[in-house]
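This report concerns selected local features of one protein model. Please consult the sequence and the structure shown below while reading.

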Amino acid sequence: MSDPHTSELPVLRRVVRSSTIDLVAEEIRNAIYRGSLLPGQSISEVRTAELLGVSRPSLREALQRLVSEGSISHAPGRGAWVKRMGPDDIDDVYAVREAIEVQAARMIIRGRRSTVLIDEALSALEKAIEDNTARTIGDADLDFHHAIVACSGSPRLRAMMKASMVHTRLLSLSDPAGYEVRCDLIDIHRRLAEVIAAGDESEAVAIIGRISAEAVARLHNPASEPDAVVVRGEGRRTGVDDQWASLRE
């Protein structure tokens, strides 16, 4: 099965009126997330502004926002480029993700908030694993974890999680040899959904920590889980109608 046409970050909320800067940042953020802009790729101000139909000052402000989020790097005389993640970033990226998800789970449980979005995301993850495509599984896995944060009702946690999802994806795409996703973790995700719905805060925190720790160990050393069932994926898709392709010529 081929990869899906696009991978999009979850929508944070309905916005009546978004600024040009918001929209440009969202376009570039999604391009990084789905692999249209790969780690290390330079971002030409002139060509990118033309592609998006915006002014160069607007583009610069949007890029600066992404620099602040940690998904774009910039240096005088070199311009901007998609950040390349390395082994030194693994622990930090997952520490941030774990902190966000733990607080979200606590807010859901203490506020007795609905977990419908988590159940829906779990079903989508189960379907993705059946399809056995690396990018589809990776997207569905991140969507599941975003659903936990979305159910917290905190727009600030959701905004932080959205940036963290981009960082997680950059960790995967920064290896030129490709990446692997686990496709045998549905049981622990199902258990996490159950304990959050049941209001078991201590168990939810423990499971989130376990998922994070195992992911960190696997990224540092794939041989740490010899029995893991994985699917391999590649960074950039080929044969896809992609508006960003002109920037790679």
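How many aromatic pairs does the structure hold?

## Aromatic rings and charged side chains

The model is a predicted one. The number of aromatic pairs in the structure is 0.

Aromatic rings do, however, take part in arrangements with arginine. Arg-78 is placed over the face of Trp-81, with a distance of 4.0 Å from the ring centre. At Tyr-33, the ring has the charged end of Arg-169 over it, 4.3 Å from the ring centre.

## Helix 6 and Asp-143

Helix 6 covers residues 134-151. Its 18 residues span 26 Å between the first C-alpha and the last, close to the 26 Å expected at 1.5 Å a residue. The helix is mostly covered, since 16 of the 18 residues are buried. Just after helix 6, Gly-153 adopts a positive phi of about 80°.

Asp-143 belongs to this helix. Its relative accessible area is 31%, and Asp-143 is therefore classed as partly exposed, the range for that class lying between 20% and 50%. The C-alpha atom of Asp-143 is 6.4 Å from that of Ala-121, a residue 22 positions apart from Asp-143 along the chain.

## Arg-97 in helix 4

Arg-97 is located in helix 4, which comprises residues 87-110. Because its relative accessible area is 5%, Arg-97 counts as buried, the cut-off being under 20%.

With residues up to four places away in sequence left out, Arg-97 touches Leu-142, His-145, Met-161, Ser-164 and Thr-168.

Methods:
Residues are numbered from 1 along each chain as its sequence is written. This is a predicted model: local features need pLDDT of at least 70, side-chain atom pairs count only at pLDDT 80 or more; totals for chains, interfaces and linings use all residues. Side-chain values use heavy atoms; hydrogens and water are left out. Helices (H or I, at least four residues) and strands (E, at least two) are DSSP runs, numbered from the N terminus. Buried means under 20% relative accessible area, exposed over 50%, partly exposed in between (1.4 Å probe, protein chains only). The expected span of a helix is 1.5 Å times one less than its number of residues. Rings of Phe, Tyr and Trp (its six-membered ring) pair if their centres lie within 6.5 Å; planes under 30 degrees apart count as stacked, over 60 as edge-to-face and the rest as tilted. A charge sits over a ring if NZ of Lys or CZ of Arg is within 6 Å of the ring centre and within 35 degrees of the ring normal. Contact means heavy atoms within 4.5 Å.
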